[in-house]
Amino acid sequence: MAKTKSFRCSACGANFTKWSGRCDGCGDWNTIVEEAPLSAGPASKSLGAKRGSALELSDLSTEEAPPPRTTSGIGELDRVLGGGLVASSAILVGGDPGIGKSTLLLQAAAEFARSGLKVMYISGEEASAQVRMRARRLGLADAPVQLAAATNLRDILTTLEEERPQLAIIDSIQTMWADNVESAPGSVSQVRAAAHELTTFAKRKGVSVILVGHVTKEGQIAGPRVVEHMVDTVLYFEGERGHQFRILRAVKNRFGPADEIGVFEMTGAGLAQVMNPSALFLSERGTPSPGSVVFAGVEGTRPVLVEFQALVAPSPHSQPRRTVVGWDGGRLAMILAVLEARCGIPFTGLDVYLNVAGGMKISEPAADLAVAAALVSAREDSALPAETVVFGEISLSGALRPAPQSENRLKEAQKLGFTAAITPSGGKALADMGLKLTQMGDLTAFVGDIFGAG
C-alpha cells in the first residue's frame with residue numbers, strides 16, 4: 001500500500017494533502033513543505049475495544065509546593081525568566097546568527113553550575129574543544145559544566161537519562177536528528193519531533209531544557225510555529241551589529257510576565273549586564289535638535305527612556321519614501337494621516353525617515369505622541385523644549401489617550417534628570433514628582449501649543 005504524502009506549512013503548522021505555493025491558513029508563500037510521517041508504534045489489534053487507563057484527578061485547592069526557581073546570578077537573565085529558572089521548564093531562545101546566543105547561554109550555564117546545579121551543554125554546531133576555547137576566552141574555564149557534541153537525538157536522550165542533569169542546553173534544535181523521522185536535519189518534521197521529545201523529557205524527568213533556535217529573514221524562529229506552543233518560555237535575543245547593546249526579550253512566559261526585557265552590552269569578555277538601560281540608550285544624545293524626542297516607554301515591568309529621531313526632507317521621487325527603523329511602518333502611516341487630516345499638516349512630496357536610537361525596538365502604542373512630535377519637529381525645523389519626555393496614544397480622531405503606568409514613566413524620567421513631561425489629559429491623576437507636567441486633550445492642541453503649527 002502506497003504511503004500517503006502529507007504537507008505542512010512551516011510558518012503556521014497547517015496540514016495539507018498536496019503541495020501548493022501559498023498557505024491558505026496564514027497566507028505566506030513558499031512555506032509548505034513535504035513532511036515525512038512520524039514512525040508509529042505497533043498497532044493494537046483490540047484498539048477499538050480496549051480503553052486507556054484512568055487518570056488521577058486532584059482538586060484545584062490541593063496544597064502543593066510551587067515549582068522551585070534557581071537564580072543564575074545574572075540579574076537581567078533572571079528578570080526575563082520571571083525571577084529565575086523553573087524546574088522542569090522548556091525554554092526556546094532565538095536570535096540572528098552571531099548575535100551572542102551561544103555566548104549568553106555558556107555564561108548562564110557557568111553561573112548555574114557555580115550555584116550548585118548540574119549543567120550539561122550539548123552542542124550540535126561546535127566540537128567540545130571549540131566550546132572549551134570559547135569558555136577560556138570568556139574566563140569560564142573553571143566552571144563545572146559537562147560538555148558534549150552530538151546531533152543524534154536518541155544518543156542525547158540516553159545520556160540525559162543516565163546523567164540526570166538539572167539543566168540541559170541544546171545548541172541548536174535545528175541540528176538535532178531523530179532517526180525515526182525520514183527527513184533531513186533542520187526540516188519541519190525533525191525540528192518538531194526533536195522539540196517534542198526534549199520537552200516531554202523535561203516534564204517527565206524534572207530536567208530544565210534550553211533550546212537554541214535559528215531565526216528566519218523575517219525575524220521569527222525557523223521551523224514550525226507549533227514548537228513555540230510546546231515550550232514554556234520563548235525568548236528572543238535582539239540587537240544591531242552596529243551597536244554593542246543586546247536585548248533579551250520574553251515573548252511568551254508561563255512563569256512570569258511576557259514582554260519583559262533584559263539589556264546586555266557586548267564586550268571583549270562576553271556579555272555584561274546593563275543595570276540602567278535608559279542611561280545607556282540616551283548616552284549618545286547631544287544638544288536637542290529638530291526631530292529628536294525622548295519617549296518614556298515601558299518594556300514589561302521596566303520603564304525605559306529612548307530617543308526617537310525623525311528626518312523630513314523634500315522628495316525627488318514621485319513616490320515619497322517612508323523608512324522606519326525600530327518601529328511599526330503601518331503605525332507611522334497612520335500618524336502621518338492623522339496629522340494631515342486632523343491638524344492640516346501635509347507630508348505630501350516629503351520623504352520621512354524615523355529611527356529609534358540605540359537599536360531598540362518599540363511596539364507599544366504609547367509612543368504615538370512622541371513619533372508625532374518628532375515628525376512635526378523635523379518638518380517645522382523646531383526643536384522640542386530641552387529635558388522633556390513625551391508619551392501618549394493617538395486615536396484616529398486626533399484625541400490623545402492616557403498610557404498605562406504613567407507614574408513609573410515619570411519617575412524614570414525624573415531619575416535621569418528630565419524636568420518636563422508632555423502627556424495626554426484624563427486618566428489617573430498623577431502625583432507631583434517635581435516635573436513640569438503639560439497635559440494635552442488632542443493632537444491639534446499639542447501641535448499648536450508646542451510648535452505653533454497646524
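The model is predicted: local features need pLDDT of at least 70, side-chain atom pairs count only at pLDDT 80 or more, and totals for chains, interfaces and linings use all residues. Residues are numbered from 1 along each chain as its sequence is written, and side-chain values use heavy atoms, with hydrogens and water left out.

Let's begin with the overall layout. The domain assignment, which is automatic or from a database, gives domain 1 (1-35), domain 2 (67-274) and domain 3 (278-449). Between the C-alpha centres of domain 1 and domain 2 there are 29 Å.

Next comes the sheet. Helices (H or I, at least four residues) and strands (E, at least two) are DSSP runs, numbered from the N terminus, and two strands pair if DSSP finds at least two bridges between them. Three strands form an open sheet in the order S2-S1-S3, with antiparallel pairing. Strand S2 (15-16) and strand S3 (32-35) are at the edges with a single partner strand each, so one side of each has no neighbour in the sheet. Strand S1 (residues 6-9) and S3 are joined by 4 bridges, and Ser6 stands opposite Glu35 in S3.

Now for two helices. The expected span of a helix is 1.5 Å times one less than its number of residues, and the reach in the table runs from first C-alpha to last.

| Helix | Number of residues | Reach | Expected span |
|---|---|---|---|
| H2 (residues 101-114) | 14 residues | 20 Å | 20 Å |
| H9 (residues 368-380) | 13 residues | 18 Å | 18 Å |

Buried means under 20% relative accessible area, exposed over 50%, and partly exposed in between (1.4 Å probe, protein chains only). In H2, 12 of the 14 residues are buried, so the helix is largely enclosed by the rest of the structure. H9 is also largely enclosed, because 11 of its 13 residues are buried.

Gly95 belongs to strand S6 (residues 90-95) and counts as buried at 3% relative accessibility. Asp96 lies in the loop between S6 and H2 and is partly exposed at 36%. Leaving aside neighbours within four places in sequence, Asp96 is in contact (heavy atoms within 4.5 Å) with Lys101, Val215 and Phe237.
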